[in-house]
Amino acid sequence: GISVSYSIVRNDSLNFLRVSLPDQSHVVLRRGSEIKFPEKFIGSTRQLVLTGDAFFDVARDPSKPFIVQTGKVETKVLGTSFNIRQTNQLVDVSVASGKVQV
């Protein structure tokens, strides 16, 4: 099988933390938030896990949907910018541009 290494980035500072992903997408993590993503997106999707609150600016790639797993909610996009905020069991997705499927 293919072994994949994951990066986990957590923002414990008071400021926003900008993280670049392997596909040229960007995530801005708010305080206390964390993302886990593969060092290289392999296969037919670009998938990562978010805990907390982050703004995503996703590089467009129709052949590889970008999927954010937040608790039990999966947000799937092709290329867009949006914010996801997770509080307790509630997940709030607000779209800045483009379309998302939740």
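1. Strand β9 (residues 81-87) and β10 run antiparallel and are joined by seven bridges. Strands here are DSSP runs of E with at least two residues, numbered from the N terminus, and two strands pair if DSSP finds at least two bridges between them. Within this pairing, asparagine 83 stands opposite serine 94 in β10.

2. The model is predicted: local features need pLDDT of at least 70, side-chain atom pairs count only at pLDDT 80 or more, and totals for chains, interfaces and linings use all residues. Residues are numbered from 1 along each chain as its sequence is written, and side-chain values use heavy atoms, with hydrogens and water left out.

3. The order β2-β3-β6-β9-β10 describes an open sheet of five strands with antiparallel pairing. At its edges lie β2 (17-20) and β10 (90-97), each pairing on one side only.

4. Serine 81 belongs to strand β9. Serine 81 counts as buried because its relative accessibility is 10%, where buried means under 20% relative accessible area (1.4 Å probe, protein chains only). Leaving aside residues up to four places away in sequence, serine 81 touches Phe55, Phe56, Asp57, Val95, Ala96 and Ser97; contact means heavy atoms within 4.5 Å.

5. The largest nonpolar core has 17 residues, and Ile35, Phe56 and Phe66 have the most contacts inside it. Such a core is a set of buried Ala, Val, Leu, Ile, Met, Phe, Trp, Tyr and Cys residues joined through side-chain atoms within 4.5 Å. At least two residues of this core come from each of β3 (26-29), β4 (34-38), β5 (46-51), β6 (53-57), β7 (66-70) and β9.

Technical notes:
Helix = DSSP H or I, 4+ residues; strand = E, 2+ residues; numbered from the N terminus. Buried < 20%, exposed > 50% of the residue type's maximum accessible area, 1.4 Å probe, protein only.
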